[in-house]
Amino acid sequence: NPARVLCNIAEFPPDAEGGPGKWTWALYERFECHNLIRRYKDAEPWQPALAQERAEEILERQDVPERPVIVFLGRKVGTAFGLHDMFFEWRELEDGPVSIMLPHPSGRNRLLNDPGVRAWMGGNLRKAIRLAEERS
């Protein structure tokens, strides 16, 4: 469960009233979340054109400049948004928000087996929350 992975990495407790979705709700309490691929079964194999189409829909629907911080999860996600060279470092985007591209929290991502990567990622998720509060 990617939400559980992210919450554990960032040391967010599960939502006490969330039931089976306790990790998802814990994440949603802290971040506005959007998926490029709506259903897991549609994510394999990765479909760059579909992901880019969905990214464009999200950008059209959302007022991105008003979002003080954006966290992209995975290189493929960042690439779908046109961020081809912004891997794992904080950057200020052209239209205002600061953003970072972190490793995707999939169980298939071997980077997450490294305790140092997990600690770094958790620190950056907590930093995203702090930056959003400071910039709001």
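Colleague: Is Arg54 buried or exposed?

Modeller: Arg54 is buried, at a relative accessible area of 10%; buried is under 20%, exposed over 50%, partly exposed in between (1.4 Å probe, protein chains only). This is a predicted model, where local features need pLDDT of at least 70, side-chain atom pairs count only at pLDDT 80 or more, and totals for chains, interfaces and linings use all residues. Residues are numbered from 1 along each chain as its sequence is written, and side-chain values use heavy atoms, with hydrogens and water left out.

Colleague: Which side chain meets Arg54 in a salt bridge?

Modeller: Glu57, at 3.7 Å from N to O. A salt bridge here is a side-chain nitrogen of Lys or Arg within 4 Å of a carboxyl oxygen of Asp or Glu. Both residues lie in helix α3 (residues 48-61), 3 residues apart, about one turn of the helix. Helices (H or I, at least four residues) and strands (E, at least two) are DSSP runs, numbered from the N terminus. Glu57 is partly exposed, at 29%.

Colleague: How many salt bridges does the structure hold?

Modeller: There are 4. Among them, Arg91 meets Glu89 at 2.7 Å, N to O.

Colleague: Where does Arg91 have its bridge partner?

Modeller: In β3, where the partner is Ser99. β2 and β3 (residues 98-102) pair in the antiparallel sense over 2 bridges; pairing requires at least two DSSP bridges between the strands.

Colleague: What is the strand order in the sheet?

Modeller: The order is β1-β3-β2, in an open sheet of 3 strands with mixed pairing. β1 (69-73) and β2 (91-92) are at the edges with a single partner strand each, so one side of each has no neighbour in the sheet.
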